[in-house]
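Subject: Structure handover

Hello,

My notes follow below it.

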Amino acid sequence: MKGMLKFLIAAAVFAGVAVSDSTSFTIHVAGDSTVQTYKDNVYPQTGWGQVIGYFFDGARVKVNNAALGGRSSRTFIEEGRLDGIMKAAQKGDYLFVQFGHNDRDYSKAARYVEPSEFPGYIQKFVDAGVKKGVNVILVSPMNLNGSRNVFSTGNNNYDARGMMQTVAKNNKIPFVDLNMKSYNTYNTTYKNIPDYVTRYLYKKLEKGEYPNFPDGVNDGTTHFQEMGSMGHAQMICEELEENLKSNTNLSAEAKAALTTLVSAIKPRYTIKVQTNLSNYNGLITQTQYFPAGSPMTLRVTPNGQTFEKWVDDDCNELSTKQIYYGFKTKARNITYTAMFKGGSACQKIEHGEEGESGDGPNSSSSGGPQSSSSIDQKLCFDGVADTVWRSPIDMSRPELGDGTTDSNHEGFTGQGFFNLENSAYSTATYNVTSDQSASNARMMVRYAFDGASNRDMKITVDNGTYDVAFPPTGGWTKWDTVYVEDVWLDALDFKVKLASTTSDGGPNIDMIAFDIKGVYRTGCKPAKVMNDPDTSIIRIAPVRSFNVRPAAGKPFNALGREVPASELRRNFPAVKTFRN
């Protein structure tokens, strides 16, 4: 590290720029789900903002990852997240900005940004940085999985790369071309092993590979495993170093700031991965270049060969599992070998002494998905959800609400129901967590009220708002359901807000449910879902092909037959009234 610092300081002095190796600062990160920090319960899904801190000297650099899934450049600003970064930032800090994935999604008007407007929103990040004395670095969005580069020029493309590059040139600030760097890596370096990109970098997981995804997950287009995001962080550092070396468009201030930033990048070591076979034709982790203390995954997918164990270059056995993760790299070049039956015996490989490993990332997530919440565990679903409505959520006690938690009308399913005030301004807000990234879901709301007119509501799920009609159910004990189609969810903590739109207020809200698993009240655990549904296990709400109400307060089972309340309470026991 000292040798590299001396070299960079000498280079800076030669260029007429002074730099101090004692300078400390924070890197703030703005972006979307490809950048954000994820909770442990969705590992190995990872964003590059979550791991970028491993590449910087933790004694000098902190990382504030404010990226959040589902956000475009426009909605990030509209929600006040850029303002939040600027309030926390100090003069001399850095702001890394990556957008494009959600900006180009014209199917979702709530976050879509017209190409003609995209540069203007990116400029707002630059202007905010200039006003606060924060050094802005624009990062083009990494490539989607596949040969086509949708973020570059071409028919039906969204040229986020070109537009961000132009903004960077106009402002004489660094431009990190993660887009072309990743495109070339996926389509050139790994051209002959496309399955490696999908299976080892993107989040396409087979059944049983990771405990958080026992059934696997097919998300091999947009989101990344830890090794994919570590690779992106490596690319970003390489691009920063290249900017300092050859970007002649930088202003003197931007070059001085970039010199300080690059001087804090930790040295990387070669992590070579090989097998003891001369003719191995399966997948295997490719050689990496990471700093000491970085998270590392060793992985093989044999093609007919029999895997035995992983060993290091001293022939020490590390693991007998084909996927070995959860360990940190050493402060030296190192070789790991996958040992297969019938291959050559392990031979020690000479290597240098291990140096100082340095600190891991000194990071935080600002307003992101790592937040937690305490909740009365009685509100957590502890039964078995059915295969249609996989994520039932008790709505009787919101985190914030205008109304009361009651249980004086029978037929509810959980701890009671929430009775919204009779006002056009009454709301109820719930903290909810999703373990599913980039998922379109169907949402059900179970409710009841007596009257002659609708009590329509606006329902906000994360950053999507839906107008939902609530017709009368015919009585306070006659429960019915409405559905919200095409609800966008990402793997993060978010809020579900119900807001009245009429002077009569909202209905009594019993529960909501999603048709995908892994959505639950924050502080609870995901519901268990039955694998083999039969008529002996009830559904948590009616599922009907026609718009016909069920009998009063009597949900249906899997075949549409009514289920008595006593049967229903096996999964949702009713207890005493709770008040806010």
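Predicted model: local features only at pLDDT ≥ 70, side-chain atom pairs only at ≥ 80, totals over all residues.

The partner of Cys346 is Cys315, and the two form a disulfide with sulfur atoms 2.1 Å apart. Cys315 is also partly exposed, at 25% relative accessibility. The torsion about this S-S bond is -100°, and the link is left-handed. Cys315 sits in the loop between β12 (307-311) and β13, while Cys346 sits in the loop between β15 and β16 (362-365). The pair therefore ties together parts 31 residues apart in sequence.

How many disulfides does a search of the whole structure find? Two. The other bond joins Cys380 and Cys524, with sulfur atoms 1.9 Å apart. Its torsion about the S-S bond is about -80°, so this disulfide is left-handed. Cys380 lies in the loop between β16 and β17 (384-385). Cys524 lies in the loop between β29 (519-521) and β30 (528-529). That pair ties together parts 144 residues apart in sequence. Here the cysteines are buried: Cys380 has 10% relative accessibility, and Cys524 has a relative accessible area of 11%. Both values fall under the 20% cut-off for buried. With the bonded cysteines numbered in sequence order, the pairing reads 1-2, 3-4.

One further cysteine, Cys237, is buried with a relative accessible area of 0%. Its number falls within helix α9 (residues 226-246). That helix has 21 residues and spans 30 Å from first C-alpha to last, close to the 30 Å expected at 1.5 Å a residue. Helix α9 is mostly covered, with 16 of its 21 residues buried.

Now the sheet around the first disulfide's loops. Five strands make an open sheet, in the order β10-β8-β15-β12-β13, with mixed pairing. Which strands are at the edges? They are β10 (288-291) and β13 (317-319), and each pairs on one side only. From one strand to the next, the twist averages 35°. Within this sheet, β8 (residues 268-275) and β15 (residues 334-340) run parallel and are joined by five bridges. Val273 has Tyr336 in β15 as its bridge partner.

Strand β4 (residues 135-139) is the other place to look. Four of its five residues are buried, so the rest of the structure largely encloses this strand. β4 pairs in the parallel sense with strand β3 (residues 94-97), over four bridges. Leu95 has Val136 in β4 as its bridge partner. Together, β3, helix α5 (residues 118-132) and β4 make a right-handed β-α-β unit. From β4 the chain crosses through helix α6 (residues 160-171) to β5, and this β-α-β crossover is right-handed. β4 and strand β5 (residues 175-176) are paired in the parallel sense by two bridges. Val139 stands opposite Val176 in β5.

To recap the cysteine pairs: Cys315 is bonded to Cys346, and Cys380 to Cys524.

Best wishes

Definitions and conventions
Residues numbered from 1 in each chain as written. Heavy atoms only, no water. Pairing = 2+ DSSP bridges. Axes fitted to C-alpha atoms, helices over the stretch in contact; angles between N-to-C directions. Expected span 1.5 Å × (residues − 1). Buried < 20%, exposed > 50% of the residue type's maximum accessible area, 1.4 Å probe, protein only. Right-handed = clockwise from strand over helix to strand, strands pointing away. Disulfide = S-S within 2.5 Å.
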